[in-house]
Amino acid sequence: MTSNFKKLIAVPACALLALSISACSDNEDPPPPPPPAPAPPAPTATTFDVTPCLTQEVAPGYSVASLVIPDTVKVFLDMPSGFPNGRLLSDPTINRTLNVLFLDLDVHPATTFENFDGGEGLNNNENDRAFNADFPFLAPPQGQDVYNASAGGSGFTFQTGASSRIERMGQPAVSTALVRTENKVEYNLESPRIDLTGEPPFFQWGPEFALVLTGYTNALADDLLALDLTPCAVPDDS
């Protein structure tokens, strides 16, 4: 036993340590790196219910939906002139339309978007040409002359077929913003009387408006919240 013990202690220390570790030689590979931490789960996208946006009151007794169903210019004798009671030529109607479709009117007035960013607004707040002082008061058109008597014609080419993109002349931006492309011709060619067919409160075209507005809201709600704005839509827990 003594002889064996002497043989054992005569073995180089590094050789003994090599039985348990691999650090004695410069030729040894480094230990493998630890496995990466699992990635955090992706956030779940929030879907919103826009029903409160369509049912909120834009004026006492008048909901947003009632302004666009049917899609006609509304005149309320008990309200001052201007959007949503008709509209003045100078009204920033696109700003106000987007305002009442996206923001909680109990928190933000209908003029929030037009006064946004120091009054610059989200859309042009003034006409790029001055209005005429006399009837019909509209500013001169852009582009070439619409009608030049001496030239005997028009500077523009207008489509006149059934498939032409004739916009309804009711509330602004309804057809443009709230109707899907494949349905715009049908919507624009229908009489506003048809708007009141179907099931109340949204009737014929309300479900279309809600579908399109839901898509916009799902995409933009986080941006509105980042700007400290309160959306009228609420998370859909269904």
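**Entry 1: the whole chain.** I started by noting that the model is predicted. I then looked up the secondary structure and found nine helices and four strands. Reading from the N terminus, I wrote the order down as α-α-β-α-β-β-α-α-α-α-α-α-β.

Entry 2: The protein has 238 residues, and 30% of them are buried. I also checked the contacts with a separation of 6 or more: 52% of these link residues 24 or more positions apart. The accessible surface came out at about 15,900 Å², with carbon and sulfur atoms holding 59% of that area.

**Entry 3: Glu114.** I went to the loop between α5 (93–102) and α6 (116–119), where Glu114 sits. Is Glu114 buried or exposed? I put Glu114 down as buried because its relative accessibility is 9%, and the cut-off for buried is under 20%. Next I looked for a partner, and found that the side chain of Glu114 makes a polar contact of 2.8 Å with the side chain of Arg96. I noted Asn99 too: it is 15 residues from Glu114 along the chain, and their C-alpha atoms are 8.6 Å apart.

**Entry 4: the second largest pocket.** My last stop was the second largest pocket, with a volume of about 160 Å³. Which residues line this pocket? I listed Asp71 and Arg87, then Glu167, Arg168, Met169, Gly170, Gln171, Pro172, Ala173, Val174, Ser175 and Thr176. Sorted by class, the lining splits into four nonpolar, four polar and four charged residues.

Conventions:
Residues are numbered from 1 along each chain as its sequence is written. This is a predicted model: local features need pLDDT of at least 70, side-chain atom pairs count only at pLDDT 80 or more; totals for chains, interfaces and linings use all residues. Side-chain values use heavy atoms; hydrogens and water are left out. On a 1 Å grid over the protein atoms alone, a cavity is a set of points where a 1.4 Å probe fits but cannot get out, and a pocket is an open set with protein on both sides within 12 Å along at least five of seven lines; lining residues have an atom within 4 Å of a point. Grid points are joined across faces, edges and corners, and a volume is the space filled by probe spheres set on the points. Ala, Val, Leu, Ile, Met, Phe, Trp, Tyr, Cys and Pro count as nonpolar, Asp, Glu, Lys and Arg as charged, and the others, Gly among them, as polar. Helices (H or I, at least four residues) and strands (E, at least two) are DSSP runs, numbered from the N terminus. Buried means under 20% relative accessible area, exposed over 50%, partly exposed in between (1.4 Å probe, protein chains only). A polar contact is a pair of N or O atoms within 3.5 Å; within protein, one must be able to donate a hydrogen and the other to accept it, and residues adjacent in sequence count only if both atoms are side-chain atoms. Contact means heavy atoms within 4.5 Å. Accessible areas come from the Shrake-Rupley method with a 1.4 Å probe; for residues, only the protein chains shown count as cover.
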